[in-house]
Amino acid sequence: MKKQISTGGETRLRSRLEACTPVLMLLPAALGVLCIQVYPSLRSILMSFFDISLLKKEQPFIGLGNYAKLLGDPVVWRVMINTLLFAALSLVIGGCFAMLIAVELNKNFPGKGLFRTIFLVPWVTPPLVTSMIWKILVSESFSPINTVLMKWGVIDHPLNFLGRTETIGGIFSIPMLVMIIINVWSIFPFMMVMFLAGLQTIPPELYEAAEMDGARKSQQFFYVTLPSLIPVISTSILLQGIWQFNSFNISYMVTKGGPLHLTEVMAVRVYSEAFVNFRYGLAAATSVIMLLLVLIPSVFYLRANLKTAD
């Protein structure tokens with residue numbers, strides 16, 4: 001009788017431990033997310049309603065005063081447009097380039113593994129190294145690009161790619177174009193790997209059937225390849241869109257947002273307000289605006305996926 005009771009108790013204890021095991025395994029990660037992401041985010045939202053500055057002892061509550069000040073500043077609007085332009089063009093150009101490379105690398109040819117490794121180099125290169133290399137490539141004094149263009153007779157004097165202040169429509173400029181080129185070089189390997197993995201999951205029978213129906217290579221790409229890669233493309237674009245909207249490294253390391261705020265993005269603006277001007281309330285409000293802008297495509301993506309799942 002005692003053995004049966006003890007056996008029953010051990011069984012119940014084992015079942016409870018098994019039920020609690022997933023929670024116990026996820027608890028450290030959940031605590032890490034709460035401490036590193038959730039709490040700082042909530043703290044930033046709270047700080048955005050106060051006039052907090054390192055140069056003042058008082059921290060009065062000003063409600064939406066920081067937001068009104070930001071939205072009334074033309075420089076902030078320029079920075080927001082810069083950020084959207086930087087992220088959107090980087091995604092479009094980088095995505096197209098990544099798809100082109102992925103399609104070619106999915107074919108069988110000698111040295112395919114070597115080329116796959118070479119195209120991964122920009123992804124694993126540290127941002128500081130990337131910035132230093134590109135600053136030399138586009139500098140006015142040491143640029144090999146200027147040297148080649150002058151030898152070909154395209155230009156008669158070195159160009160200062162990062163110092164030009166002329167704009168197209170008051171928005172787009174040569175320094176911003178340089179920033180986008182550098183960013184595309186840095187981000188396309190991630191999307192290339194994602195697209196290449198998706199290409200390898202497409203059944204060859206689909207291409208054989210399309211070829212039997214008389215579809216050309218271009219038609220096979222648009223009617224077989226692209227529809228099959230929609231889940232991979234949408235996920236890659238969403239992730240890269242969030243990362244590029246929050247991008248800090250290239251803008252800060254190459255130009256520090258200059259000249260005349262033409263290449264300044266919102267992440268650099270947050271850094272400048274917090275650690276240069278010491279206006280933590282404004283920095284927090286800027287980060288909250290960034291969060292709200294990033295949430296818009298994320299919500300649409302989640303809603304679309306939920307509808308597909310239903």
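I looked up Leu292 and found it in helix α12. Helices here are DSSP runs of H or I with at least four residues, strands are E runs of at least two, and both are numbered from the N terminus. The model is predicted, so I kept the thresholds in mind: local features need pLDDT of at least 70, side-chain atom pairs count only at pLDDT 80 or more, and totals for chains, interfaces and linings use all residues. Residues are numbered from 1 along each chain as its sequence is written, and side-chain values use heavy atoms, with hydrogens and water left out.

**Nonpolar patch**

Which helix gives the most to the patch? It is α1, with 8 residues. Helices α1 (2–47) and α12 (280–309) each supply at least two.

**Thr255**

Next I checked Thr255, in helix α10 (residues 249–255). Buried or exposed? Thr255 counts as buried because its relative accessibility is 15%. The cut-offs are under 20% for buried, over 50% for exposed, and partly exposed in between (1.4 Å probe, protein chains only).

I looked at its polar contacts (N or O pairs within 3.5 Å; within protein, one atom able to donate a hydrogen and the other to accept it; residues adjacent in sequence only if both are side-chain atoms). The Thr255 side chain meets that of Thr263 at 2.6 Å. It also reaches the backbone oxygen of Ser251 at 3.1 Å. Leaving out residues up to four places away in sequence, Thr255 touches Leu162, Met179, Ile250 and Thr263 (contact: heavy atoms within 4.5 Å).

**Loop backbone**

I moved on to the loop between α10 and α11 (266–275), where Pro259 sits. Gly258 and Pro259 are joined by a cis peptide bond, omega about -10°. Leu260 is in that loop too. Its phi is positive, about 55°, although Leu260 is not a glycine. Leu260 counts as exposed because its relative accessibility is 62%.

Last, I checked Phe278, in the loop between α11 and α12. Its phi is also positive, near 60°. At 28% relative accessibility, Phe278 counts as partly exposed.
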